[in-house]
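Student: I would like to go through the domain interface and the charged pairs of this model. Could we start with the terms?

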Amino acid sequence: MGDSAGHAQAHAEARLMAGRRLDMDDEQFADWARLLERRTGLFISPDRRSFLASGIRARMRESGCSSSREYYNRLIAGGIQAHEWSLLIDRLTVHETCFFRHRASMQLIRERLVPEVLEKQRGYLAWSVGCATGEESYSLAMQIDSCMGAVAGDCYFGVTGTDISLPSLRKARKGIYLRRRLGDIPDDLQNKYCETVSSRHFQITEQLRKRVCFAQLNLRDVETAPMARVNLIYCQNLLIYYDRGYRTEIVDKLAEFLRPGGVLILGSGELLDWRNSNMEKVRYPDTLAYRRTN
Ligand SMILES: C[S@@+](CC[C@H](N)C(=O)[O-])C[C@H]1O[C@@H](n2cnc3c(N)ncnc32)[C@H](O)[C@@H]1O
């Protein structure tokens, strides 16, 4: 895990662990890790045992459960546990994000990818995988919309953001953020796509929000996603939480959702030496992107 996401995760884990008793033995850890991987695809490596224990303890406390065995049995009991699962997953995932987090990838989209599609087609569809609270999806929408003005006639575009975390998606749909985050957005785009709603907050304009939709999707179930084929898949700072084998499997499945010529953008360094006979590397500085060739 190389970049600021790694630090963010370390901080989140430190916060969770602060002042808490950690008592999960090897067997309990193995049971929990297996259950989480089977049910959610979430892989928790042994060195993150205390993070897992703290997250579980927090949910036990919040849900009034006194022993981890009782909590475990409650979760596997079936029936109406979906809500508790989603709250636990939320505790065990890191939602750190910001607008225009990876500038070079965003530049590639605006400078090259969108214009080359709009030369031939009247529409552009993008998918932000692991979108957290929506900043990434709205950044994509701003980049795409900025290219639309240069094209004569009507053009359509849409961005879909998916994530496992329901609380994050709720926030994403509102499109309301702290004003101090405005600085992450280039000046010309701030003026066009953001409006002040209070002394502390701004909101993404309704016009842009209409272009962006959010849905819950677990990466584990990605092949069943009810997604149309898209021009762009953007997946950054998510694969880093999974092991190498799983990353390759997921990225192979994501590639199936691209239109011919469509591009998959990952975080630099998130998947080294990936080979897929339908995909070729896109050469652009400081980015990791692959184009579907057929
Ligand atoms: C660190 S955030 C990255 C957000 C954004 N992509 C960015 O780069 O700023 C990782 C996001 O991936 C989501 N996530 C983790 N595991 C997931 C899974 N199995 N399925 C779907 N989303 C998942 C988390 O809920 C979190 O919102």
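Tutor: A salt bridge is a side-chain nitrogen of Lys or Arg within 4 Å of a carboxyl oxygen of Asp or Glu. This is a predicted model, in which local features need pLDDT of at least 70 and side-chain atom pairs count only at pLDDT 80 or more, while totals for chains, interfaces and linings use all residues. Residues are numbered from 1 along each chain as its sequence is written, and side-chain values use heavy atoms, with hydrogens and water left out.

Student: How many salt bridges cross the interface of domain 1 and domain 2?

Tutor: The rule finds zero there. By an automatic or database domain assignment, domain 1 is 4-91 and domain 2 is 103-292.

Student: And how much area do domain 1 and domain 2 bury between them?

Tutor: About 1,000 Å², with 53% of it on carbon and sulfur atoms; buried area is the accessible area (1.4 Å probe) that two parts lose on being put together, summed over both.

Student: Changing topic, how many salt bridges does the whole structure have?

Tutor: The search finds 13. In one of them, the side chains of R49 and D26 meet at 2.5 Å, N to O. R49 lies in helix 3 and D26 in helix 2, so this pair ties together parts 23 residues apart in sequence; helices (H or I, at least four residues) are DSSP runs, numbered from the N terminus.

Student: What about R59 and E84: buried or exposed?

Tutor: Both are buried, that is, under 20% relative accessible area (1.4 Å probe, protein chains only). Their side chains form a salt bridge at 2.8 Å, N to O.

Note on methods. Helices (H or I, at least four residues) and strands (E, at least two) are DSSP runs, numbered from the N terminus. Buried means under 20% relative accessible area, exposed over 50%, partly exposed in between (1.4 Å probe, protein chains only).
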